[in-house]
Amino acid sequence: MQKGKIFVVGFGPGDRDHITKRAVDALQQSDHIMGYKTYVELIRHLVTAKTIVSTGMTEEVSRAQQAVKQAEAGNIVSVISSGDSGVYGMAGLVYEVLIEKGWTEATGIEVEVVPGISAINSCASLLGAPVMHDSCTISLSDHLTPWTVIEKRIEAAAMADFVIAFYNPKSGRRTRQIVEAQQILLKYRSSETPVGLVKSAYRENQNIVLTNLAEMLEHDIGMLTTVVVGNSSTFFYDNKIITPRGYQRKYTLGEEKQIWKPHQRLKKEAEPWALDQETGVAKSGFERIEPIKKNLINNQSVKTAGIATLETNLKSQSKFEQTQNNISSLEMARMALACITKEPVKSEFLVQQSIESIFEFAISPGVANKVITPKQMQVIAEIVGENGTFEYTPDHRFYVKIPTENPEFIVNRLRETGLYVLPIGDVLNVKACDFCNGEKADSIPYAEEIMDSLGGMKLPKELHVGFNGCGMACYRAVFDDIGIVYRKKKFDLFIGSKPVGRTAHAAQPVAEGIAPDALIPLLTKIIEEYKQNAHPNERLFKYFKRVKKIGQFEYQDMSCKIKIEEAPCGD
Ligand code: SAH
């Protein structure tokens, strides 16, 4: 007799487009299909099986037994689950029935588990990208699992900052579980943590709600809902829930982006939080989560708080302290307070780190002014502190990097003392001279106006406008991307130096004697043209060389084509 086969098929969330080809093939090859009524209806139109057996929700075991029996009689049988059959589905159950009968792969019927898109994935796709980082699924059904175990898993996942997808969150009779789950989560995560409720993903009655941890229970949650809870760095954006992928974010003024370029990312210094491969130590400042601290507050104490519970907690606390001694009295006080007020324990000492933001910017004392006052130095020292860095750059500015969650405060504090706080990166920067310490001050207002109107403008590549107040041009404006030299109450203009590299060259003089009123409109026109038309990362000199004309100015080759002798060989 021909050996039978069981397919355990996950058919995805429910619509035709999200079933795999293998799942459809399996269903179409099958003599018998078995599944829960609702699911059978979802796939009925796809199949030609001889018999389709739909059973009730709680009849999984007999369904699996029947499937095995049919396969042993030489039939091809599909047992179906929604989503993935290995995620709270039929796969494990089919194997359990087989194992009980002494089945082995070599001697028994053939078994194929056909994977499907599980609710965590289908629901996540409808919410945006909430899963992205380490995540877990927790079923709140305590029909087959003791609630105490489920509670522990929620606690562990909450503590370890997992994104969590709750399956089976609520049914007619089980309404309390999701309330308990919320309470546990609130001990570790902010009440504003994004939560997505997806009901019947990719089915007719699909419904999506974006809410947060505090308010999630005000919405309809049922048997067909998956509840996705973000981690401590998940955020809302444009009706979506997004969990960022990495740990560190960079703020610059006016933009936010990943701090490291792709080739820099895997270096040790780019990942100060990683486990050191030689010492096995995670760098300090990124402390490991101490689960032991949590032992002191169990869910019960927060729920039924009162003096008696508090005393019990404090007793166990002191016992604990005798051995571990690593909980500060402040933490202990907070825990005590939480027991009395029934308020969820505040996250400061329980929760994992959230994403750290590195704020990067430049400081300068002014456009013309090069002198920093003692007061300004004090404020800089206070702001940069132990964790920031303060670096002098070739373009006459200080480059500052500070881990912070509050860039606005930093900017305001520095600006209050009269410092210029400037963006870095691919932006326009004005590099003026010191106007002979103010002796040749006539043109300073023009330099300041350029800074005010164009400084910080986002461009395809960094661009320095050099501005020098006399014909000596001793701050070397002609070696900047755009050079402006004030001479005889008018301006000379230079465009397209190659400021770096072994083939560096000065900029091309394009115009002399520009009237003061015409300077800024002309400059704006050139920069706008470059901004609109240059390729990303194309520096001004390259752009000028490629297009051969900016504004009315024709390109001339300023690079010296000197023949370089080969280095002589030694004897
Ligand atoms: N095997 C399935 C899970 C079965 S448990 C899978 O991998 O997806 C049943 C639970 O799954 C439901 O209570 C609900 O939480 C979730 N679920 C299944 N299909 C869903 C859908 N289309 N939309 C939202 N949640 C769904």
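Me: A polar contact is a pair of N or O atoms within 3.5 Å; within protein, one must be able to donate a hydrogen and the other to accept it, and residues adjacent in sequence count only if both atoms are side-chain atoms. What makes the ligand and P13 a case of this?

Reply: A nitrogen atom of the ligand sits 3.4 Å from a polar backbone atom of P13. That is within 3.5 Å, so the pair counts. By the way, this is a predicted model, where local features need pLDDT of at least 70, side-chain atom pairs count only at pLDDT 80 or more, and totals for chains, interfaces and linings use all residues. Residues are numbered from 1 along each chain as its sequence is written, and side-chain values use heavy atoms, leaving out hydrogens and water.

Me: Which ligand atoms pair up with D84 and L224?

Reply: For D84, an oxygen atom of the ligand is 2.9 Å from a polar backbone atom. For L224, a nitrogen atom of the ligand has a backbone N or O atom 3.4 Å away. On its own the ligand has 540 Å² of accessible area (Shrake-Rupley method, 1.4 Å probe; for residues, only the protein chains shown count as cover), and the protein covers 94% of that.

Me: Why is T404 called buried?

Reply: Buried means under 20% relative accessible area, exposed over 50%, partly exposed in between (1.4 Å probe, protein chains only). T404 has 13%, so it's buried. You'll find T404 in the loop between β18 (398–403) and α13 (407–416); helices (H or I, at least four residues) and strands (E, at least two) are DSSP runs, numbered from the N terminus. The T404 side chain also reaches the backbone nitrogen of N406 at 2.8 Å.

Me: And A181, buried or exposed?

Reply: Buried, because its relative accessibility is 1%. A181 belongs to helix α7 (residues 177–188). P169 is twelve residues from A181 in sequence, and their C-alpha atoms are 9.3 Å apart in space.

Me: Then why is V113 called partly exposed?

Reply: V113 comes out at 35% relative accessible area, so it falls in the partly exposed range. V113 has its place in strand β5 (residues 110–114).
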